[in-house]
Amino acid sequence: MPEEPPDKFTKHSLGLDGPAKLEALGGTLIALIALFSSYDHITIAEKSIYLQQQWGIWIIFISFPILFIDAKLATRQRDRATNETARDRNRATGARERQRQAIALLHRSAVLTARFQLEPNEFNRNRLNNFLALIKK
């Protein structure tokens, strides 16, 4: 698992990565536009709910924490996906290494067995027996 996130996801003090920073900036700009516009109603499903001007301001301020919470959650989800990808890559690398070691062990076994069959002397018998004792552990 990587110790630090990749460069494209470098975070600052709020703990947001690049895409989350853009999301927060965009949401902030929209909120500022709404704040400095005449914002006295909400339209949902083509129905308008009229608000006193002061209520619209409170709704805008309430939306800020939600905006940053959503950006933070998106950052965590991307980090989790990055970590899972790295973990899967490490597992695959470990599996390939174990497979390589098993093939090397089979190769060595075949070579020692062939040597003993071609020259059944004490030296080859001891090497084969030592190898067999080693792999039994």
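Which residues of helix 3 are buried? The buried residues of helix 3 are Asn124, Leu128 and Phe131, where buried means under 20% relative accessible area, exposed means over 50%, and partly exposed lies in between (1.4 Å probe, protein chains only).

## Basis of the model

This is a predicted model, in which local features need pLDDT of at least 70 and side-chain atom pairs count only at pLDDT 80 or more, while totals for chains, interfaces and linings use all residues. Residues are numbered from 1 along each chain as its sequence is written, and side-chain values use heavy atoms, with hydrogens and water left out.

## The chain as a whole

Three helices and two strands make up the secondary structure of the chain, and from the N terminus on these elements follow the order α-β-β-α-α. Helices (H or I, at least four residues) and strands (E, at least two) are DSSP runs, numbered from the N terminus.

Of the 137 residues in the chain, 15% are buried. The accessible surface of the chain comes to about 10800 Å², and carbon and sulfur atoms account for 61% of that surface; accessible areas come from the Shrake-Rupley method with a 1.4 Å probe, and for residues only the protein chains shown count as cover. Among the contacts in the chain with a separation of 6 or more, 51% join residues 24 or more positions apart, a contact being heavy atoms within 4.5 Å.

## Helix 3

Helix 3 covers residues 122–136, and its 15 residues should span 21 Å at 1.5 Å a residue, which agrees with the 21 Å between its end C-alpha atoms; the expected span is 1.5 Å times one less than the number of residues. Seen down the axis of helix 3, its buried residues fall within an arc of 60 degrees, so they line one face of the helix; the arc is that of the directions from the helix axis to the C-beta atoms. The face turned away from this buried side carries the exposed residues Phe123, Asn130 and Lys136.

Asn124, which belongs to helix 3, has a relative accessible area of 8% and is therefore buried. Leaving aside residues up to four places away in sequence, Asn124 touches Arg115, Phe116 and Glu119.

Helix 1 has 19 residues and reaches 27 Å from its first C-alpha to its last, close to the 27 Å expected at 1.5 Å a residue. Its buried residues include Ala20, Ala24, Ala31 and Ala34, and, seen down the helix axis, the buried residues of helix 1 fall within an arc of 90 degrees, so they line one face. On the face turned away from the buried side are the exposed residues Leu22, Ile30, Ile33 and Phe36.

Leu22, Leu25, Leu29, Leu32 and Phe36 form a nonpolar patch on the surface, together having about 550 Å² of accessible area. Patches are made of residues with over 30% relative accessible area and no salt bridge, with like charges joined within 9 Å and nonpolar side chains (Val, Leu, Ile, Met, Phe, Trp, Tyr) within 5 Å. Leu29 lies in helix 1 (residues 18–36) and is partly exposed, with a relative accessible area of 46%.

## The loop between the strands

Ala45 is placed in the loop between strand 1 (41–44) and strand 2 (47–50), and Glu46 is likewise in the loop between strand 1 and strand 2. Most residues other than glycine have a negative phi. Ala45, although not a glycine, has a positive phi of about 55 degrees, and Glu46, also not a glycine, has a positive phi of about 60 degrees. Ala45 is exposed, with a relative accessible area of 70%, and Glu46 is exposed, with a relative accessible area of 79%.

Conventions:
A salt bridge is a side-chain nitrogen of Lys or Arg within 4 Å of a carboxyl oxygen of Asp or Glu.
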